[in-house]
Amino acid sequence: MPNLKQPVAGFVASAVIIAISLGFISLFTFPTFAGWVSYYLVCVVPIQLIIGVVWGGKYPGFAAKLAQPAKGITLTLLALVVALIQAAVFFYAVGGGISPPTPILEQFAIVTVVTTFWMIFMFGCWPFTTFSKNPAVIGLSLLVGVWVIAYALFRVLFNYTFLKGAPFYLDKLDPKGLFAGPVALSFFISVMFGLFLMLNFDLWPLTKSPGIMKQPVQGIVMTLVTIAIGGMASYVAVKIMHVDLMVMLAQFSVAFIFGVIVVLIMCQGSLFSTFTQPLKGILNTVTSAVIGFGLSAFYHSMHPMLSGKLASGPPTYDYEIWLASALLAVTFPFLSFCGFFEMWPFIRPETKILSPKPTVHVAHAAPAQHR
């Protein structure tokens with residue numbers, strides 16, 4: 001068994017998992033991939049984050065005691081089962097039981113992912129940490145809380161009346177919120193862009209103010225900052241550079257987020273660990289952009305062979321849907337499963353390079369667990 005060092009282990013593991021992901025995508029036609037496959041795998045992400053970040057792979061206890069790869073297999077099966085339950089609940093409660101999953105249902109599933117990141121990395125699982133100190137209780141209550149919060153945000157912000165006349169449209173399923181669905185979705189992804197940019201900087205300069213790094217102040221401040229960052233990026237792209245909103249979402253925001261995942265999670269923040277902030281953050285950001293846009297270009301070159309040549313831009317945005325799904329709905333969950341295996345078989349279990357501790361009360365501690 002190899003015993004690679006970081007960041008080599010992260011790059012090798014990423015390359016292997018990307019190859020597996022592309023092979024997986026090739027098994028499906030574009031409608032199936034963009035429908036059922038992407039929808040289900042998006043539903044996997046919230047419980048993955050709870051198992052990997054909130055619980056640090058330490059819960060449930062019977063799985064944590066297992067050696068690799070049994071531990072990784074057990075945690076993966078657990079995540080898949082919970083995701084199946086979540087997907088079924090959403091399918092009937094939000095999607096009206098319409099098959100295949102409608103764009104309305106798929107966008108709601110994405111909102112639950114963004115909400116999970118928001119609650120874990122910005123609010124450090126507050127207020128759920130005030131109800132119990134038991135990580136299992138915190139994680140499960142967080143999952144249900146995410147469903148409720150995401151549904152409330154979805155009802156208030158998303159509107160699909162522009163889809164009237166579409167075969168899948170049902171008036172009773174339209175939340176009729178404040179903004180057209182694609183516009184609201186781009187806002188959520190922009191907030192994710194802002195969050196991942198901040199994670200590159202280990203939340204600097206907020207960490208220089210101890211008063212801010214307490215919940216719920218930290219969560220509120222981070223929310224405002226990420227909204228400002230995401231809003232500024234969207235304004236520059238759409239208003240100044242005249243880039244289509246959905247094109248920007250898939251080819252810019254999603255690509256950058258994917259690059260950060262490789263740098264911070266797969267390479268465990270090891271690339272520039274000897275540098276201090278803000279130089280470390282700048283180097284992380286530039287590297288994330290290069291990797292993210294590079295991999296986005298690679299996926300672009302592969303998509304005709306995997307799913308057939310897809311049209312980019314309005315009215316269907318088939319290519320943008322494919323790219324965002326390939327990067328974040330398939331490859332990201334597959335990369336996250338690698339964490340359940342503690343980078344096995346690329347790193348020997350006894351090395352313990354990836355042995356995150358449960359961090360459910362301080363959001364800014366989460367990135368550190370990947371170093």
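Modeller: Let us begin with K176, which counts as partly exposed because its relative accessibility is 39%, and the term covers values between under 20%, called buried, and over 50%, called exposed (1.4 Å probe, protein chains only). This is a predicted model, in which local features need pLDDT of at least 70 and side-chain atom pairs count only at pLDDT 80 or more, while totals for chains, interfaces and linings use all residues. Residues are numbered from 1 along each chain as its sequence is written, and side-chain values use heavy atoms, with hydrogens and water left out.

Biologist: What makes K176 and D171 a salt bridge?

Modeller: A salt bridge is a side-chain nitrogen of Lys or Arg within 4 Å of a carboxyl oxygen of Asp or Glu. The closest N and O atoms of K176 and D171 are 2.8 Å apart, so the pair meets the rule. D171 is partly exposed, with a relative accessible area of 43%. By this rule the count comes to 3 salt bridges.

Biologist: Which parts of the chain does the salt bridge of E342 and K71 link?

Modeller: The closest N and O atoms of E342 and K71 are 3.5 Å apart. E342 lies in the segment after α11 and K71 in helix α4 (residues 70-93), so these are distant parts of the chain, 271 residues apart; helices are DSSP runs of H or I with at least four residues, numbered from the N terminus. Both E342 and K71 are buried.

Biologist: Why are D202 and K280 said to tie parts of the chain together?

Modeller: Their side chains meet in a salt bridge at 3.1 Å, N to O. D202 lies in the loop between α7 and α8 and K280 in helix α10 (residues 279-307), so the parts tied together are 78 residues apart in sequence.

Biologist: Why are D202 and K280 called buried?

Modeller: D202 has 18% relative accessibility and therefore counts as buried. K280 is buried as well, because its relative accessible area is 8%. D202 also has a positive phi, near 55°, in a residue other than glycine.

Biologist: What is the phi of Y317, and where does this residue lie?

Modeller: Phi of Y317 is near 55°, a positive value in a residue other than glycine. Y317 lies in the loop between α10 and α11, and at 16% relative accessibility it counts as buried. Most residues other than glycine have a negative phi, and most peptide bonds are trans.

Biologist: Why is M241 called exposed?

Modeller: M241 has 57% relative accessibility, so it counts as exposed. The residue is found in the loop between α8 and α9. The C-alpha atoms of M241 and W322 are separated by 23 Å, the two being 81 residues apart along the chain.

Biologist: Which residues touch the most other members of the largest nonpolar core?

Modeller: F117, L142, F158, F258, Y299 and W322 do so, in a core of 115 residues. Helix α2 (residues 30-54) gives the largest share of this core, 16 residues. A nonpolar core is a set of buried Ala, Val, Leu, Ile, Met, Phe, Trp, Tyr and Cys residues joined through side-chain atoms within 4.5 Å.

Definitions and conventions. Helices (H or I, at least four residues) and strands (E, at least two) are DSSP runs, numbered from the N terminus.
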